[in-house]
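Take a look at the sequence and the model below.

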Amino acid sequence: MPLFTKNKRIERVISTTELFSRYPHLKEHAKQFASRCPEPVDPKHLLYVQQREFAATTPADNSVSVLGSDDATTCHLVVLRHTGSGATCLAHCDGSSTWTEVPLIVNAVTSRSNLAKEGRLELHLVGGFDDDRKTSHALSLNILAAFQNHREEIHLETCCITDMNDVIKEGIHRPLVYGIGVNVKSGYVFPASFIFRGPAEELRSARTFSGGQMVEVYVSSRELVKIGPCRWTQSNDMAFWLSQDDETILQYLSTSPYAEPPHFIQHIKSTIQFLLDHLTADDLFPGGQPHFYRRTEEGEWKRIYQQ
């Protein structure tokens, strides 16, 4: 089934400019969304989603109230929600495998929903900007096409992407919105900021940095964060990057070197150091078992060990 907006079918477009020209209400809503100040999210209620991860849950979840992600430059943040069941998924997509990722996102919501009841699937897309390499434009069009190609009827509610998520500061294009959250109880989607990106932030970053594909990181039926087991092989030039200056790291390890958030360099260096400290992931996952984390009464994610 194709995408819909205001109950009208969205036709295939060849650019985001054409999309916003054909559907001006999406453009107006994007302007309003991008103009809002980021809301800080309390870590005690948050499940943070890193790049090439997705997580889904329902309003009945007692451990998670907000799904969130940030640090998106050319990446796109995708929220899909069923208005009847309230089942909600958030994914952080970087274009590595869009056509296989979108079915995972849709299934994460439909598998938690009874689609015979009232309600519909609503889609919110945020991310990208007018970058020189046009990486954002390509990803925007691929995500739209992948959802249009899906059998489910999906309604596009928020589309703050690429040219509608762009601002020029000091002569440099940057995203207006780097991060979003979605309240899984109400469905409220909002620009967001985060001080916590765990649990297991470095381990999860290392998985993505070393080529890991899109993965689900939450078992909503048990209210547990699930990480791994991961696999990676050591690259011979990994240590080389730690000796390089910041400008070199930006140019070679970022899709948008002049639009990254301030902590990007330190994040990359800590991820590389983690990989150097763990030449393979085998020692981190004895017996090939994943790591599980449960929310404590104090609101922190604490690792638990399965019997």
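What follows covers sheets, helix packing and a few single residues.

This is a predicted model, in which local features need pLDDT of at least 70, side-chain atom pairs count only at pLDDT 80 or more, and totals for chains, interfaces and linings use all residues. Residues are numbered from 1 along each chain as its sequence is written, and side-chain values use heavy atoms, with hydrogens and water left out.

**Sheets and strands**

- Helices (H or I, at least four residues) and strands (E, at least two) are DSSP runs, numbered from the N terminus.
- Two strands pair if DSSP finds at least two bridges between them.
- Strands of a sheet pair through backbone hydrogen bonds, either parallel or antiparallel.
- Ile180 has Pro191 in E14 as its bridge partner.
- Another open sheet has four strands, ordered E16-E17-E18-E19, with antiparallel pairing.
- Its edges are strand E16 (218-219) and strand E19 (301-304); each has a single partner strand, so one side of each is left without a neighbour in the sheet.
- Strand E17 (residues 224-227) and strand E18 (residues 291-295) are antiparallel, with four bridges between them.
- Leu224 is opposite Arg294 in E18.

- Is a residue buried or exposed? Buried means under 20% relative accessible area, exposed means over 50%, and partly exposed lies in between (1.4 Å probe, protein chains only).
- Strand E10 (residues 154-161) is mostly covered, with seven of its eight residues buried.
- Strand E1 (residues 3-5) runs parallel to E10, and two bridges join them.
- In this pairing, Phe4 is opposite His155 in E10.
- Strand E9 (residues 121-127) also pairs with E10 in the parallel sense, over seven bridges.
- Here Leu121 is opposite Ile154 in E10.

- Axes are lines fitted to C-alpha atoms, for helices over the stretch in contact, and angles run from 0 to 180 degrees between N-to-C directions.
- Angles under 35 degrees count as roughly parallel, over 145 as roughly antiparallel, 65 to 115 as roughly perpendicular and the rest as oblique.
- Helix H5 (residues 201-209) packs with helix H8 (residues 264-277) at about 85°, with the axes 9 Å apart.
- H5 and H8 are therefore roughly perpendicular to each other.
- By class, this contact of H5 with H8 has seven nonpolar, four polar and two charged residues.
- In this count, Ala, Val, Leu, Ile, Met, Phe, Trp, Tyr, Cys and Pro are nonpolar, Asp, Glu, Lys and Arg are charged, and the others, Gly among them, are polar.
- Helix H7 (residues 246-253) has an axis that comes within 10 Å of the H8 axis, and the two cross at roughly 80°.
- That makes H7 roughly perpendicular to H8.
- The contact of H7 with H8 has seven nonpolar, no polar and two charged residues.

**Asp70**

- Where does Asp70 lie? Asp70 is in the loop between strand E6 (66-69) and strand E7 (76-82).
- Asp70 is buried, with a relative accessible area of 7%.
- A polar contact is a pair of N or O atoms within 3.5 Å; within protein, one must be able to donate a hydrogen and the other to accept it, and residues adjacent in sequence count only if both atoms are side-chain atoms.
- The Asp70 side chain makes a polar contact of 2.3 Å with the side chain of Tyr48.
- The side chains of Asp70 and Arg197 also make a polar contact, at 2.8 Å.

- Glu101 is in helix H3 (residues 98-110), and Glu101 is buried, with a relative accessible area of 2%.
- Leaving aside neighbours within four places in sequence, Glu101 is in contact (heavy atoms within 4.5 Å) with Cys93, Ser96 and Met214.
- Ile172 is in strand E12 (residues 172-175), and Ile172 is partly exposed at 26% relative accessibility.
- Not counting residues up to four places away in sequence, Ile172 touches Val167 and Tyr258.
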